[in-house]
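Reader: Could you walk me through this chain, one packing detail at a time? I have the sequence and the model open beside me.

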Amino acid sequence: MTDANDVRDEYDYGYRHRTGEGGTEPGEDAIEHSAEHTAEHSAEHDADAAHDAEQEAAALATVLPYSLIVGQEELRTALEIAYVCPAVGGVLATGQRGTAKTTTVRAFTKMAVGGLPVTMPIGATDDRVLGGWRIKELMKGKPRKSDGLLVQASKSKAHMLYVDEINLLDDYLVNIILDAASTGILALERDHRSEQTQHVEFTLVGTMNPDEGGLRPQLLDRFGLVAAVESEPEALKRQLIVERVLRFEAERGDPGSQFMADAARADAEKRAVLDAARRRLAHVECGSAVYAGCAALAEGFQLAGHRGEIVLVRAAQALAAIEGAPSVTLRHLADVAKPALFHRRGRGDTGTLPLWGGEDDAQVRDLLADIRG
């Protein structure tokens, strides 16, 4: 990796050499070169932005509307909660291949913000994730930094970084991504030099296939919510999935399609509900019974640390806001218990995600039954 200071020193030397006066005052040639250089960069930036916008518009046209998604209740609820309350801490979707995890995430961001999440490709390098130098410009002696995926996600419409098969990433990169997502700070040290700290703000959404390995418990705990995604078992729902997907593909380019118009209207209505919930979130009250319920769940499920209780409160508050409720109830708490506790139950250091069963639901009910409020 090229050292930033070495590049800067070399560039400064070339600049001083062109001034002709030891670099103390820029000569006319240097000023003219600098202006041309700036104009060139501006034109390249505008061209890149136009190209990116064109590509995103083309990609959006292929994304299934959110209202046409069949099932996926757990993942959809988790995404909606994380949108209303980003402080929840991101979403991890776990499930087999072909269960529409990526489709649901892309459909959600299209509905919520009219854009797509910044997506980390499999096998992304450090420079691609964290930022580096643009090779073409660097070879011309015109060093320009390129934003990494974390900064791009922070600047995007969706404010979301989507990482498919996150369990296959190096723990080193996963750690940096989770730290940046939770703290809002990207602080890097490369080649034994500290780089400028950057402020980033994005929601992390990851997917994983548990058959291909797990995440360390310390990393799992950094995700606010986990959604278990499964194929729809019922024949009628599977039929509906096929019908909607094929009809969407047939009519997505038809401006007169009533099917597409109805889907767009349903998406707009859902977005209005979520945006209203975001505005209402700070005014949703939490009473002492809710805090007592969080403590009881944390004790009963033997949670390590206190992140679980905080996530429980925030997720329940967001759910209440989505429903238009003035305050959080124990029912809201019970409804978010599974995604908030799924990956935090005591299980040693295996990094596996044991299935959530009926006994877990019963335990939640029993633990909250004695709470008064």
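Author: Happy to! A polar contact is a pair of N or O atoms within 3.5 Å; within protein, one must be able to donate a hydrogen and the other to accept it, and residues adjacent in sequence count only if both atoms are side-chain atoms. This is a predicted model, where local features need pLDDT of at least 70 and side-chain atom pairs count only at pLDDT 80 or more, while totals for chains, interfaces and linings use all residues. Residues are numbered from 1 along each chain as its sequence is written, and side-chain values use heavy atoms, with hydrogens and water left out.

Reader: Which side chain does Glu-251 join in a polar contact of 2.5 Å?

Author: Glu-251 lies in helix α10 (residues 235-251); helices (H or I, at least four residues) and strands (E, at least two) are DSSP runs, numbered from the N terminus. Leaving aside residues up to four places away in sequence, Glu-251 touches Phe-259, Met-260 and Ser-257, where contact means heavy atoms within 4.5 Å. The polar contact of 2.5 Å is with the side chain of Ser-257.

Reader: How are α3 and α13 oriented to each other?

Author: The axes of α3 (residues 73-84) and α13 (residues 307-323) come within 9 Å and cross at roughly 95°. Axes are lines fitted to C-alpha atoms, for helices over the stretch in contact, and angles run from 0 to 180 degrees between N-to-C directions. Angles under 35 degrees count as roughly parallel, over 145 as roughly antiparallel, 65 to 115 as roughly perpendicular and the rest as oblique. The two helices, α3 and α13, are therefore roughly perpendicular.

Reader: Which residues of α13 meet Glu-80, Ile-81 and Val-84 of α3?

Author: By class, this contact of α3 with α13 has 7 nonpolar, no polar and 1 charged residues. Here Ala, Val, Leu, Ile, Met, Phe, Trp, Tyr, Cys and Pro count as nonpolar, Asp, Glu, Lys and Arg as charged, and the others, Gly among them, as polar. On the α13 side, the residues are Ala-315, Ala-318, Leu-319, Ala-321 and Ile-322.

Reader: What is the strand order of the open sheet of 5 strands?

Author: Two strands pair if DSSP finds at least two bridges between them. Strands β1 (residues 91-95) and β10 (residues 203-208) pair in the parallel sense over 4 bridges, with Ala-93 partnered by Thr-207 of β10. The pairing in the sheet is parallel, and the order is β2-β5-β10-β1-β11.
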